[in-house]
Amino acid sequence: MFHLTKWYLDAVGEDGTAFIGYAARLRWGSLRVRYCATLLAQPGKSVSEMFTLRASPDPLFDEGGVLRWSCRPLSLQGTWTPRCASLRRNLFASRGGDLVWECTAPAATVDLKVGSLQITASGYAERLTMTLPPWDLGIDELHWGRFIADDAWIVWLDWRGSEARRVVVWNGNEMRDAIVDERRISLPAEGGRLDLELDEMAGDRGSRTLREGPLFNIIAAVPGLKHALPRW
């Protein structure tokens, strides 16, 4: 009765320009929704967001292994060229359904055009496929992130609640003893860590909140969902 496929794609340029894109398809009983959205944050400018419910193709890999995404209603077209192998995990499985997480491009070179803005950046892409409602996952908190450098990448996912899960992958290797908190990702076996705190020397390029507020306010913008979802 419930099936959600959601793509998440991002890109961060050398000047701090940040892009986040979503492409989702939801089937829930008689409800059918297709949804695409973008968030764009440029240095010195306020964050801009757009979304559309008009039909648009999902991101798709071409024969050369490049992920291509085009959404005409949002004046968007871009390519994500993977710099490493993909990874896939079945994060949750039950009689009611499951959740499959696919990092299709843990680290990628991105060429993106949004309106008249051209962006060349490092980026990331993933796809979630869910066959059970998210409120049945037993999650109280979700901490997720990714980091990309010239010669390294790391992605982490930390569920907190009755169904706790933790996945930390560094350069393709799963770090089972990794420690995740709000300030850093620690890799005891490798003797390393990724610090997430603001660097005071970075100034405006240090840390920036792109969005905050109740998640329900974002979901309620999609017709048909406002009264269908539990407010929790």
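## Contacts and overall architecture

A contact here means heavy atoms within 4.5 Å. In this predicted model, residues 24 or more positions apart account for 45% of the protein's contacts with a separation of 6 or more.

The secondary structure comprises one helix and 17 strands. Of the 232 residues, 40% count as buried. The protein exposes about 13,500 Å², and carbon and sulfur atoms contribute 49% of that area.

## Aromatic pairs

Nine aromatic pairs are present in the structure. One of them joins Phe2 and Trp28 in an edge-to-face arrangement, with 5.8 Å centre to centre and 70° between the planes. This pair links distant parts of the chain, since Phe2 lies in strand β1 (residues 2-12) and Trp28 in strand β2 (residues 18-28), 26 residues apart. Phe2 has a relative accessible area of 10% and is therefore buried, the limit for that class being under 20%. Trp28, at 22% relative accessibility, counts as partly exposed.

Trp28 also pairs with Trp135: the ring centres are 5.5 Å apart and the planes stand at 55°, so the pair is tilted. This second pair again connects distant parts of the chain, from Trp28 in strand β2 to Trp135 in the loop between β10 (117-130) and β11 (141-148), 107 residues apart. Trp135 counts as partly exposed, with a relative accessibility of 28%.

## Aromatic cluster

Ring pairs also link Tyr8, Tyr22, Tyr124 and Trp144 into a cluster.

Conventions. Residues numbered from 1 in each chain as written. Predicted model: local features only at pLDDT ≥ 70, side-chain atom pairs only at ≥ 80, totals over all residues. Heavy atoms only, no water. Helix = DSSP H or I, 4+ residues; strand = E, 2+ residues; numbered from the N terminus. Buried < 20%, exposed > 50% of the residue type's maximum accessible area, 1.4 Å probe, protein only. Areas by Shrake-Rupley, 256 points an atom, 1.4 Å probe, with all protein chains shown as cover. Phe/Tyr/Trp six-rings, centres within 6.5 Å; stacked < 30°, edge-to-face > 60°.
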